[in-house]
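Hi,

Here's the structure I promised to pass on.

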Amino acid sequence: MSIATVNRLGKRSCPVLLLCLGLLSAFVLSGCKKTTTAVKDFDGGEDVRSDVKRGMTPQPDEQVAVIETADYGKIVIELYPNVAPKMVERFKKLIGEGFYNGTAFHRINAESGLIQGGDPLSKDNDPANDGSGDSPYGNVPGEFSDLPFERGTVGAARRGASPEFAGNAAVSEAQARDTANCQFFITLQREPQFDEDYTVFGRVIAGLTNAEIIMRAPVEEETERPAENIVVKSVTLEPRSKYVIRQQ
């Protein structure tokens with residue numbers, strides 16, 4: 001996947017860095033201040049777009065995704081099929097196939113308030129490729145809504161726009177919006193710069209403190225790469241009723 005600038009955070013990406021890393025399918029924090037871990041794009045776009053669903057009220061799926069980490073406990077995510085049916089379908093399909101088992105949260109950033117995982121390449125011993133992997137299936141079109149990225153929001157990571165380089169075709173911002181696949185991120189503070197540019201498909205309903213502890217784990221110097229591997233033992237589907245008490 002191409003570069004993710006966790007940023008519309010000012011929209012000041014380094015042109016040289018984007019040119020070189022975009023083709024390596026990396027995600028980076030925007031700006032030229034530091035070298036960051038590979039991930040997908042968080043670039044911005046127009047202020048108003050016709051492809052954004054508005055006035056949505058999330059209707060949780062009957063199943064939740066339960067992420068069991070090796071060292072940080074569980075994170076439980078409720079899913080919103082009425083908001084992002086294709087992404088929820090893909091996420092559940094991959095969970096059912098055991099796709100996420102053994103992956104890692106390969107990108108964490110306490111300043112930006114997010115953690116990202118879901119890359120199959122995070123299973124290997126080459127941290128340089130983390131953030132650039134996909135599932136065996138095609139990309140999922142963007143399913144944008146006006147649901148805000150708040151503490152606990154779960155979004156679909158995607159590519160960012162990139163220029164033509166070394167025989168690789170250019171990717172426009174419009175094309176990049178349709179490149180979600182398997183990676184996901186959790187925002188742990190209000191992040192308005194992501195609103196309407198990334199697919200919201202769920203929310204953490206249990207284990208939010210665990211996610212925040214992961215976010216604050218030590219990183220390698222000048223990167224978003226965890227100093228020690230943050231392993232996801234398994235992701236499973238369980239009844240939502242197990243975690244939520246029904247209101248009468």
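First, the ground rules. This is a predicted model, where local features need pLDDT of at least 70, side-chain atom pairs count only at pLDDT 80 or more, and totals for chains, interfaces and linings use all residues. Residues are numbered from 1 along each chain as its sequence is written, and side-chain values use heavy atoms, with hydrogens and water left out.

Let's start with Y198. Rings of Phe, Tyr and Trp (its six-membered ring) pair if their centres lie within 6.5 Å, with planes under 30 degrees apart called stacked, over 60 edge-to-face and the rest tilted. That rule gives 11 aromatic pairs. In one of them, F185 and Y198 sit edge-to-face, 6.0 Å centre to centre with 85° between the planes. F185 is in strand β6 and Y198 in the loop between β6 and β7, so this pair links parts 13 residues apart in sequence. Strands here are DSSP E runs of at least two residues, helices H or I runs of at least four, numbered from the N terminus.

Now the loops. A166, in the loop between β5 and α3, has a positive phi of about 50° although it isn't a glycine. Its 67% relative accessibility makes A166 exposed. E196 also has a positive phi, near 70°, but at 17% it counts as buried.

Cheers

Methods: Buried < 20%, exposed > 50% of the residue type's maximum accessible area, 1.4 Å probe, protein only.
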